[in-house]
Amino acid sequence: MLNAINTKLTLTSWFFDSYHQQPITSATNQAAKQFHIRAATPADLTGISQIIAESFHSQTGFWGWAFPLLRLGIYEDFRQRLSSSAPHHICLVAVDTSTPGVNNVVGTVELGLRFHDSWKQSGKSFPYLSNLAVAHKYRRHGVASKLLTSCEDICREWGYQDLYLHVLEDNHQARQLYCKLGYRMHKVDYNWNLFFIKSPRQLFLHKHLSVESIS
């Protein structure tokens, strides 16, 4: 009971306070940086939720006030998924191990199985990448590529040779990365939002994984 109360107090304090991960230093010197890719643990939840919140939600402007609430929602979603026993689901994190004693989470990605009929959870399943995010100071330093390559290795271990993901049409930097790594257009997904608000289309990308030894 006391442990549950302490956990709630800690989470409440984090919700209203600023993020307290150890400060991320500048990644200007790529050669000096060392990144380790591993499976996420509950201890990584605050780092994961902060990076994803910063990557997909604004902290300024009209909706800036909602940022802590969105971050908390991300935290809870990941906490539930990490505690599940799904055999084909994993969340990976990239950790900067350049500084002794400091292991900052600087990137993350999720890999799981989806179904062609997502509403009924039926039909043939396929590996699907989601929530790829890298801390701002570590972008364009190979972190995303390392996370994606690790996911491809895991897919092969699971016995799959095809990998899918979505990317927004106007996310040109991400599209350039995926194209460089061999992802190609599978189809364009349309939704009702396109008819009511001016929003970018979702591109469904696919990569066929060659059969090779796991690095």
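**Reading aromatic side chains in a predicted model**

Mentor: Over the ring of Phe-78 lies the charged end of Arg-81, 4.6 Å from the ring centre. A charge sits over a ring if NZ of Lys or CZ of Arg is within 6 Å of the ring centre and within 35 degrees of the ring normal. This is a predicted model, where local features need pLDDT of at least 70, side-chain atom pairs count only at pLDDT 80 or more, and totals for chains, interfaces and linings use all residues. Residues are numbered from 1 along each chain as its sequence is written, and side-chain values use heavy atoms, with hydrogens and water left out.

Trainee: How many aromatic pairs does the structure hold?

Mentor: A pair of aromatic rings is described by the distance of the centres and the angle of the planes. Rings of Phe, Tyr and Trp (its six-membered ring) pair if their centres lie within 6.5 Å; planes under 30 degrees apart count as stacked, over 60 as edge-to-face and the rest as tilted. The structure holds eight such pairs. One of them, Phe-126 with Phe-204, is edge-to-face, at 6.1 Å centre to centre and 70° between the planes. This pair links distant parts of the chain, 78 residues apart: Phe-126 is in strand S4 (residues 122–134) and Phe-204 in strand S7 (residues 202–208). Strands (E, at least two residues) are DSSP runs, numbered from the N terminus.

Trainee: Is Phe-126 buried or exposed?

Mentor: Buried means under 20% relative accessible area, exposed over 50%, and partly exposed in between (1.4 Å probe, protein chains only). Phe-126 counts as buried because its relative accessibility is 8%; Phe-204, at 7%, is likewise buried.

Trainee: Which residues do ring pairs link into a cluster?

Mentor: The cluster consists of Phe-126, Tyr-128, Tyr-164 and Phe-204.

Terms used. Helix = DSSP H or I, 4+ residues; strand = E, 2+ residues; numbered from the N terminus.
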